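Take a moment with the sequence and the structure before reading on.

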Amino acid sequence: TLDFRRADFDLFRDLLGRVQWDEALEGRGAQESWLIFKGHLLQAQERCIPTKRKSGWNTRRPAWMNKELLDQLGHKKAAYRGWKQGQVAWEEYRAIVQATRDQVRKAKALIELNLARDIKGNKKNFYRYVSDKKRSRENVGPLQKETGDLATQDMEKAEVVNEFFSSVFSGKRSSCTAKDTEGKGRDWENEEPPTVGEDQV
């Protein structure tokens, strides 16, 4: 993607200003004139505006993340590996985990305090932070109706859940169940118990 922060707009204007537009577009139709203008524009863009790798929303760092926290998180991961290998005591590892959590909480509190304090002069960052906090990252899976059909639409799911809770208070039995299409037919008794990975600690 284009990196406009490092763009040389003075050179960009100079390059486009050198073009003799009257001569270049004389006698041309609208489509041909547009193609000529577009060609000069793209040439100037290639020379004056550098590019950078675009990062998606999932790879964007949180607003409260800084170098100190990154180092601390790396230290925690190293301590976890050491504990798994028997090189670090459990008490030492737990102390590092607690210290990391405390630093993260303080960093979050500080960034939220600064955003709230500077909201009048920097509303964009404040509402971006609020939007990221409100963004839903999980969806409710399909639910089974009393008829046996699956409810996949949001409105249908809401009706199934509403009927279920109504049956709880009225004493009427409801057959509302969550449908796990991936786990259907699996032999859970013969499977290995789940393990906790390093990223989940």
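Q: Where is the place of T152?
A: T152 lies in the loop that joins strand 2 (150–151) to helix 7. Helices and strands here are DSSP runs numbered from the N terminus (H or I, at least four residues, for a helix; E, at least two, for a strand). This is a predicted model, in which local features need pLDDT of at least 70 and side-chain atom pairs count only at pLDDT 80 or more, while totals for chains, interfaces and linings use all residues. Residues are numbered from 1 along each chain as its sequence is written, and side-chain values use heavy atoms, leaving out hydrogens and water.

Q: Why does T152 count as partly exposed?
A: The relative accessibility of T152 is 47%. Buried means under 20% relative accessible area and exposed means over 50%, with partly exposed in between (1.4 Å probe, protein chains only). T152 therefore counts as partly exposed.

Q: Which residues does T152 touch, not counting residues up to four places away in sequence?
A: They are P142 and K157, where contact means heavy atoms within 4.5 Å. P142 is ten residues from T152 in sequence, and their C-alpha atoms are 4.9 Å apart.

Q: What makes E163 partly exposed?
A: E163 belongs to helix 7 (residues 154–170). Its relative accessible area is 47%, so E163 is partly exposed. E163 and E146 are 17 residues apart along the chain, with 9.7 Å between their C-alpha atoms.

Q: How many helices and strands does the secondary structure of the protein come to?
A: There are seven helices and three strands. Along the sequence they follow the pattern α-α-α-α-α-α-β-β-α-β. Buried residues make up 19% of the protein's 201 residues.

Q: What makes helix 4 roughly antiparallel to helix 5?
A: Helix 4 (residues 67–84) and helix 5 pack at an angle of about 160°, and their axes are 10 Å apart. That angle makes the two helices roughly antiparallel, because angles over 145 degrees count as such, those under 35 as roughly parallel, 65 to 115 as roughly perpendicular and the rest as oblique. The axes are lines fitted to C-alpha atoms over the stretch in contact, and angles run from 0 to 180 degrees between N-to-C directions. Among the residues making the contact are L69, L73 and W83 of helix 4 and W90, I96 and V104 of helix 5. The contact residues divide into twelve nonpolar, four polar and two charged. Here Ala, Val, Leu, Ile, Met, Phe, Trp, Tyr, Cys and Pro count as nonpolar, Asp, Glu, Lys and Arg as charged, and the others, Gly among them, as polar.

Q: Why does R94 count as partly exposed?
A: R94 is part of helix 5 (residues 90–117). With 33% relative accessibility, R94 is therefore counted as partly exposed. R94 and K76 are 18 residues apart in sequence, and 9.4 Å separates their C-alpha atoms.

Q: How do you know that helix 1 and helix 3 are roughly antiparallel to each other?
A: The axes of helix 1 (residues 9–18) and helix 3 (residues 30–48) cross at roughly 150° and come within 9 Å. Helix 1 and helix 3 are therefore roughly antiparallel. The contact includes L11 and F12 of helix 1 and H40 and L41 of helix 3. By type, its residues are seven nonpolar, two polar and one charged.

Q: Which residues make up the largest nonpolar core?
A: The eight residues are W64, M65, L69, V104, A107, I111, L115 and Y129. A nonpolar core is a set of buried Ala, Val, Leu, Ile, Met, Phe, Trp, Tyr and Cys residues joined through side-chain atoms within 4.5 Å. Helix 5 gives the most to this core, four residues. Another core, of seven residues, lies apart from it, and A7, F12, L15 and C48 are among its members. In soluble globular proteins, nonpolar side chains tend to be buried together.

Q: Which residues is F126 in contact with, leaving aside its neighbours within four places in sequence?
A: F126, in helix 6 (residues 123–134), is in contact with L115, A116 and I119. F126 and N114 are twelve residues apart along the chain, and their C-alpha atoms are separated by 9.3 Å.
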